[in-house]
Every structure is written in C-alpha cells, then in structure tokens.
Amino acid sequence: MLASRALVRGLQSGFWRRVSTSSAAWAAHTHDVDVVDCSVPQYNNRLDTPLPDVPFVRNLSAKQKKLKEKEKGSWTQLTKEEKLALYRLTHELSYAEMRQGSKEWMTVLGGVFIFLGFTGLLVWWQRVYVYGDVPHTLSQESVAQQTQRMIDMRVNPVHGFSHKWDYEKKQWK
Amino acid sequence: MFRAALQLSVSGARSLTRSRPQYTASVAARSYSHGKQETDEEFDARWVTYFSKPDIDAWELRKGMNTLIGYDLVPEPKILDAALRACRRLNDLASAIRILEAVKDKSGPHKEIYPYVLQELQPTLNELGIPTPEELGIDKA
C-alpha cells in the first residue's frame with residue numbers, strides 16, 4: 001500500500017497536472033505551472049482577445065507596485081523602459097510573439113525520418129535473418145522451363161502471352 | 001452598463017473595412033428581411049459613446065475592446081481614440097499599447113490601414129504619452 005502511494009506521488013509530481021482545490025495560494029499566480037485553477041478567470045494569449053481577463057503578473061513586487069503608482073500620473077513622465085515594463089506586467093506575449101512560429105516542425109520531421117530509417121533497418125534484418133529461401137521455381141533455369149512450357153501450351157494465343165511469340169522464327173516478335 | 005452590453009449583443013457583424021484608401025469601400029449589402037440597417041456613422045457613434053463613458057470600468061473596457069475586435073472590420077480612429085482615453089481614465093497604459101497592436105493585427109494583409117490609423121491618432125498618442133508598439137520594439141518578436 002505504501003508502495004502504491006509512493007507510485008501515485010511520483011506520477012503526480014512527474015506527469016499529472018494537479019488541479020488544486022486550495023485556490024487561494026495559486027489564484028494570483030497566473031504563470032503556467034503544474035497547478036491550474038479553472039474556477040477563476042485565467043490569463044491567456046489570444047490574438048482575438050487583446051485585453052485578457054486578468055493581468056499576467058498579479059503578485060507585484062515593491063518595485064512593480066511603485067511603477068503602477070507612477071502609471072496613475074502622466075504617462076509622458078514614464079521612460080521607455082518603464083512603459084515596456086508596464087506592458088510586460090499585463091501581457092506575457094506581444095502580438096508579434098504570439099504570431100511567430102517555431103522550428104518544431106524540423107524536429108518532428110527529423111524524428112519521423114529517424115524512426116522510418118530505424119524501421120528500414122529492422123525490415124532489412126528480418127529479410128536476411130528471418131525469411132527462408134525463395135522457392136526453387138523462381139530460379140533462372142526454372143523460369144525458362146516454365147516459359148517454354150507456356151509457349152508450348154499456347155497460353156493466351158489471341159492477344160496475350162503466346163501472341164507475342166513468333167512460332168515460325170522461334171523468337172519473341 | 002447593462003444597456004450597453006445589450007446593445008453590443010444585438011448588433012451583427014459588419015463586413016466592411018473602413019479606411020481612407022478606397023479599395024473595398026462598398027458597403028456590405030446585408031439585407032435583413034426586416035428592421036432598419038444601422039449605418040456606419042451610427043455604428044461608430046454608438047461605440048464612441050460606449051468608450052466615452054466617464055466612469056467606465058476595467059471590465060467594460062475589456063469587454064468592449066474584445067467585442068470590437070471580434071467584428072469583421074477595423075475600428076475607425078475615432079472609436080480607438082475614445083478607447084485610448086478610456087485606458088487613460090483607468091490608468092492602464094498596457095491596454096492602450098495592446099489596442100494599437102490589435103488594430104495592426106486586425107488589418108491583416110491591408111498594410112496601409114495601420115499607418116493611417118497611427119497618423120490619425122498621433123495627436124492623442126502624443127498628448128497622452130502612449131508609445132506605439134514599434135517605439136517599444138515589441139512589433140518584432
């Protein structure tokens with residue numbers, strides 16, 4: 001029983017997202033962590049929603065609080081860095097950052113090719129070490145004998161096989 | 001506040017790109033089977049009034065802006081001017097910058113709309129001290 005509990009705990013910390021019932025501590029923490037409280041409005045980066053429900057950073061440090069106070073005055077008094085800092089407090093990603101793609105497709109394609117290649121190696125090994133010999137009837141000599149027999153039997157003499165054989169000259173037309 | 005929200009829900013999507021350079025200036029022939037069709041001026045006036053409310057609150061600003069961006073049009077500079085001033089009343093510089101970003105994004109392939117809007121809004125931007133996204137360098141990822 002203890003082992004299974006340890007297993008669950010290990011799985012929880014490793015893979016499962018815990019949806020916490022104690023929202024108080026986490027509600028203000030709007031970064032994407034393991035705990036997501038779905039009962040309160042969440043921050044989101046969406047092109048069609050320019051102003052999200054909550055600001056990105058909710059727990060302001062003292063310095064950030066001072067900046068927020070300064071925001072209440074004339075914005076012409078703010079430096080460019082301060083304006084940028086205010087933007088980043090409220091928004092995680094700018095529109096340009098939301099729109100930018102990633103190079104993930106290269107990784108995906110590379111992974112696909114790697115696995116295809118590995119599969120090819122497996123198939124090759126299988127061909128060499130697992131499959132037995134082909135039947136003797138596929139040897140050159142056997143095929144020649146078979147073809148001669150088909151000609152003698154007049155297989156498909158109208159339009160097909162034997163039609164292509166010149167019986168006078170004893171060769172293919 | 002509720003009346004404003006109701007008015008928002010009644011208006012339908014308007015497929016009209018409003019900009020000074022004339023290319024698709026034709027009004028969408030949206031033929032309702034009944035009821036009067038709202039003109040562009042009425043639409044603009046309604047939205048300017050919405051954002052011009054002196055005691056607008058943060059929720060109303062967000063709701064208004066998100067709804068407006070949801071429509072199939074780029075808002076007229078006068079609506080955006082009212083929205084920016086609403087941001088000023090709410091002491092929210094980040095939203096003001098975000099609105100400008102959203103306008104640029106909304107114009108899509110029509111690259112001439114955003115410079116026009118900025119040009120029209122320049123006096124307001126200077127007066128309120130709102131930087132453009134380009135000035136802050138966030139227009140490039």
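Biologist: Where is A:N156 found?

Modeller: In this predicted model, A:N156 sits in the loop between α7 and β1 of chain A. A:N156 is not a glycine, and yet its phi is positive, at about 45 degrees.

Biologist: Which other residue lies in the loop between α7 and β1 of chain A?

Modeller: A:R154 lies there, with α7 covering residues 140-152 and β1 covering 165-166. A:R154 is not a glycine either, and its phi is positive at about 60 degrees.

Biologist: Why does A:R154 count as partly exposed?

Modeller: Its relative accessibility is 46%. Buried means under 20% and exposed means over 50%. The value for A:R154 falls between those limits, so A:R154 counts as partly exposed.

Biologist: Let's step back to the whole of chain A. What elements does chain A have?

Modeller: Seven helices and two strands. Starting at the N terminus, their order is α-α-α-α-α-α-α-β-β. Of the 173 residues in chain A, 20% are buried. Among the contacts of chain A with a separation of 6 or more, 34% join residues 24 or more positions apart.

Biologist: And what does the secondary structure of chain B come to?

Modeller: Chain B has seven helices and zero strands, giving the pattern α-α-α-α-α-α-α along its sequence. Buried residues account for 48% of its 141 residues.

Biologist: Now for some helix pairs. At what angle do the axes of α4 and α6 of chain B cross?

Modeller: They cross at roughly 25 degrees and come within 10 Å, with α4 spanning residues 77-89 and α6 spanning 113-128. That makes the two helices roughly parallel.

Biologist: Which residues in α4(B) meet which residues in α6(B)?

Modeller: From α4(B) come B:P77, B:L80, B:D81, B:L84, B:R85 and B:R88, and they meet B:Y116, B:V117, B:E120, B:L121, B:T124, B:L125, B:E127 and B:L128 in α6(B). By class, this contact holds eight nonpolar, one polar and five charged residues.

Biologist: What makes α5(B) and α6(B) roughly antiparallel to each other?

Modeller: Angles over 145 degrees are given that name. The axes of α5(B) and α6(B) cross at roughly 160 degrees and come within 9 Å. The two helices are therefore roughly antiparallel, and their crossing is right-handed. On the α5(B) side, B:L100, B:V103, B:K104 and B:S107 meet B:I113, B:Y114, B:V117, B:L118, B:L121 and B:L125 in α6(B). That contact has eight nonpolar residues, one polar and one charged.

Biologist: At what angle do the axes of α2(B) and α3(B) cross?

Modeller: At roughly 155 degrees, and the axes come within 10 Å. With the cut-off at over 145 degrees, α2(B) is therefore roughly antiparallel to α3(B). This crossing is left-handed.

Biologist: Which residues in α2(B) meet α3(B)?

Modeller: B:F43, B:W47, B:Y50 and B:F51 do, and their partners in α3(B) are B:E60, B:L61, B:K63, B:G64, B:M65, B:T67 and B:L68. The contact divides into seven nonpolar, two polar and two charged residues. B:F51 also has contacts beyond four places in sequence with residues including B:I79, B:A82, B:A83 and B:A86.

Biologist: Which of the 50 residues in the largest nonpolar core touch the most other members?

Modeller: They are A:W75, B:W47, B:F51, B:M65, B:L68 and B:I130. Elements giving two or more residues to this core are α4 and α5 of chain A, along with α2, α3, α4, α5 and α6 of chain B. α6(B) contributes the most, with eight residues.

Technical notes. Residues are numbered from 1 along each chain as its sequence is written. Chains are lettered from A and ligands numbered from 1 in the order in which they are written. This is a predicted model: local features need pLDDT of at least 70, side-chain atom pairs count only at pLDDT 80 or more; totals for chains, interfaces and linings use all residues. Side-chain values use heavy atoms; hydrogens and water are left out. Axes are lines fitted to C-alpha atoms, for helices over the stretch in contact, and angles run from 0 to 180 degrees between N-to-C directions. Helices (H or I, at least four residues) and strands (E, at least two) are DSSP runs, numbered from the N terminus. Angles under 35 degrees count as roughly parallel, over 145 as roughly antiparallel, 65 to 115 as roughly perpendicular and the rest as oblique. Contact means heavy atoms within 4.5 Å. Ala, Val, Leu, Ile, Met, Phe, Trp, Tyr, Cys and Pro count as nonpolar, Asp, Glu, Lys and Arg as charged, and the others, Gly among them, as polar. A nonpolar core is a set of buried Ala, Val, Leu, Ile, Met, Phe, Trp, Tyr and Cys residues joined through side-chain atoms within 4.5 Å. Buried means under 20% relative accessible area, exposed over 50%, partly exposed in between (1.4 Å probe, protein chains only). A crossing is left-handed if the near helix is turned anticlockwise from the far one by less than a right angle, and right-handed if clockwise.
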